[in-house]
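Open the structure in your viewer and keep the selection tool at hand.

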Amino acid sequence: QVQLVESGGGLVQAGGSLRLSCAASGRTFTFSSYYMGWFRQAPGKEREFVARIGWSGTLTDYADFVKGRFTISRDNAKKTVYLQMNSLKPEDTAVYYCAANPSWRSLLSNSNFWGQGTQVTVSS
């Protein structure tokens, strides 16, 4: 099985920054063989894609609404994926979830391993 544990959420003013972390573990889980992603879900809305990253970290993909503000990265030695969030806006308020999938395409579906989420609240 795969366990994903997010951390780093909190309350921040608009224009501020936060860095989310997602630590992965599992007896048979080879972190470096999984594509990793971040998703978010705001109250009353469906969960949406934020960013994803390939095995080595050189391949990345972002939702349009975070391009230029958020950066996804990973450290395979630490089995951790990060989301650096800058220039935060009130509309970025959501629960942020980490996801893992052995398929780049399937990472955009619901067939992922999921973390429990971390709350990010951006005040105006």
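What follows is a list of stops, each with something to select.

The model is predicted, so local features need pLDDT of at least 70 and side-chain atom pairs count only at pLDDT 80 or more, while totals for chains, interfaces and linings use all residues. Residues are numbered from 1 along each chain as its sequence is written, and side-chain values use heavy atoms, with hydrogens and water left out.

**The sheet.** Select β1, β3, β8 and β7, which in that order form an open sheet of 4 strands with antiparallel pairing. Strands are DSSP runs (E, at least two residues), numbered from the N terminus, and two of them pair if DSSP finds at least two bridges between them. At the edges are β1 (3-7) and β7 (70-75); each has a single partner strand, so one side of each has no neighbour in the sheet.

**One pair.** Now select residues 18-25 and 80-85: these are β3 and β8, paired in the antiparallel sense over 6 bridges. Leu20 has Leu83 of β8 as its bridge partner.

**The core.** Select Met36, Trp38, Leu83, Met85 and Tyr96, which touch the most other members of the largest nonpolar core, a set of 36 residues. Such a core joins buried Ala, Val, Leu, Ile, Met, Phe, Trp, Tyr and Cys residues through side-chain atoms within 4.5 Å; buried means under 20% relative accessible area (1.4 Å probe, protein chains only). The element that gives the most to this core is β9, with 5 residues.

**Val95.** Last, select Val95 in β9 (residues 94-101). Which residue lies 53 residues from Val95 in sequence but 6.3 Å from it in space, C-alpha to C-alpha? That is Ala42.

Notes
Buried < 20%, exposed > 50% of the residue type's maximum accessible area, 1.4 Å probe, protein only.
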